[in-house]
Amino acid sequence: MQNDKSITGPKSTEDDIEFAPSRAEDARDIADIGADILISPSHVEDARDIADIEGICFSDPWSEKSVREHILLDFSVNVVARHSKSGKTVGYVLGQRLYDDIEVLRVATLPEYRLRGIGKRMLCEFLRLSDFGSECRCFIEVRESNEAAISLYLKLGFSKTGIRKNYYIRPRENAIILKKQGDG
């Protein structure tokens with residue numbers, strides 16, 4: 001299901017930025033960073049970088065071993081976001097497809113690269129690589145306090161379908177279950 005073709009998104013504009021820098025040139029610099037990000041399928045060699053980002057972004061991170069084992073699964077679908085000039089991994093999506101069900105397991109973007117459309121681009125590429133189509137359903141769970149992520153998922157066509165009480169630990173919190181249904 002995965003291929004090695006990297007994609008780049010359209011160059012961001014100042015209108016795409018969800019905060020107001022003090023100067024227009026600051027906004028252009030920030031937009032340029034989003035435009036310099038390549039989204040591509042992940043490989044086992046990415047496990048260390050993904051685990052490092054896990055440690056920064058999650059209170060209960062996956063280990064490098066867990067990430068590596070997941071990437072090696074036949075049914076896993078995963079993407080990474082890299083800075084085109086430095087090669088630095090700045091985000092990823094880890095998921096899986098079993099028959100017509102797709103599940104997003106982990107999504108993260110380094111804090112300094114957020115609000116640049118990278119998460120949206122990664123999720124769109126993840127769905128493309130998953131062969132999301134008319135007969136598919138895609139599920140994701142998210143902390144109910146993560147309003148930015150919930151907003152993104154709703155904009156991408158997901159809808160809230162339920163709650164898992166006390167699903168997350170450190171801190172204890174409910175998970176919102178979201179689903180995107182194919183148009184079949």
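Me: In helix 4, by about how many helical turns are glutamate 125 and arginine 128 separated?
Reply: First, a word on the model: it is predicted, local features need pLDDT of at least 70, side-chain atom pairs count only at pLDDT 80 or more, and totals for chains, interfaces and linings use all residues. Residues are numbered from 1 along each chain as its sequence is written, and side-chain values use heavy atoms, with hydrogens and water left out. Helices are DSSP runs of H or I with at least four residues, strands are E runs of at least two, and both are numbered from the N terminus. Glutamate 125 and arginine 128 are three residues apart in helix 4, so the separation is about one helical turn.

Me: What joins the side chains of glutamate 125 and arginine 128?
Reply: Side chains of opposite charge can pair when their charged atoms come close. Here the N to O distance is 2.8 Å. The cut-off is a side-chain nitrogen of Lys or Arg within 4 Å of a carboxyl oxygen of Asp or Glu. The link between glutamate 125 and arginine 128 is therefore a salt bridge.

Me: Is glutamate 125 buried or exposed?
Reply: Buried means under 20% relative accessible area, exposed means over 50%, and partly exposed lies in between (1.4 Å probe, protein chains only). Glutamate 125 has a relative accessible area of 3%, so it is buried.

Me: How many residues apart are aspartate 46 and arginine 82?
Reply: Their side chains meet in a salt bridge (2.1 Å, N to O). Aspartate 46 is buried at 5% relative accessible area, and arginine 82 is partly exposed at 23%. The pair links distant parts of the chain, with aspartate 46 in the loop between strand 1 (37-41) and helix 2, and arginine 82 in strand 2, so the separation is 36 residues.

Me: Within what arc do the buried residues of helix 2 fall?
Reply: In helix 2 (residues 47-57), the buried residues are Ala47, Ile50, Ala51, Ile53 and Glu54. Looking down the axis of helix 2, you see these residues lining one face, because they fall within an arc (taken from the directions from the helix axis to the C-beta atoms) of 160 degrees.

Me: Which elements do the buried residues of helix 5 pack against?
Reply: Helix 5 (residues 147-155) has Ala149, Ile150 and Tyr153 buried. They line one face of the helix, because they fall within an arc of 100 degrees. The face turned away from that buried side carries the exposed residues Glu147, Ala148 and Lys155. The buried residues of helix 5 pack against strand 4, helix 4, strand 5 (137-143), strand 6 and strand 7.

Me: Which residues of the largest nonpolar core touch the most other members?
Reply: A nonpolar core is a set of buried Ala, Val, Leu, Ile, Met, Phe, Trp, Tyr and Cys residues joined through side-chain atoms within 4.5 Å. Tyrosine 153 is in contact (heavy atoms within 4.5 Å) with Val107, Leu123, Ile140, Val142, Phe158 and Leu178, leaving aside neighbours within four places in sequence. Among the 37 residues of the core, those touching the most other members are Ile118, Phe126 and Tyr153.

Me: What is the omega of the peptide bond from arginine 170 to proline 171?
Reply: Most residues other than glycine have a negative phi, and most peptide bonds are trans. Proline 171 sits in the loop between strand 6 (159-168) and strand 7 (173-181). The bond from arginine 170 to proline 171 is cis, with omega near -5 degrees.

Me: What is the phi of asparagine 166?
Reply: Asparagine 166 is found in strand 6 and is partly exposed at 44% relative accessibility. Its phi is positive, in a residue other than glycine, and lies near 50 degrees.
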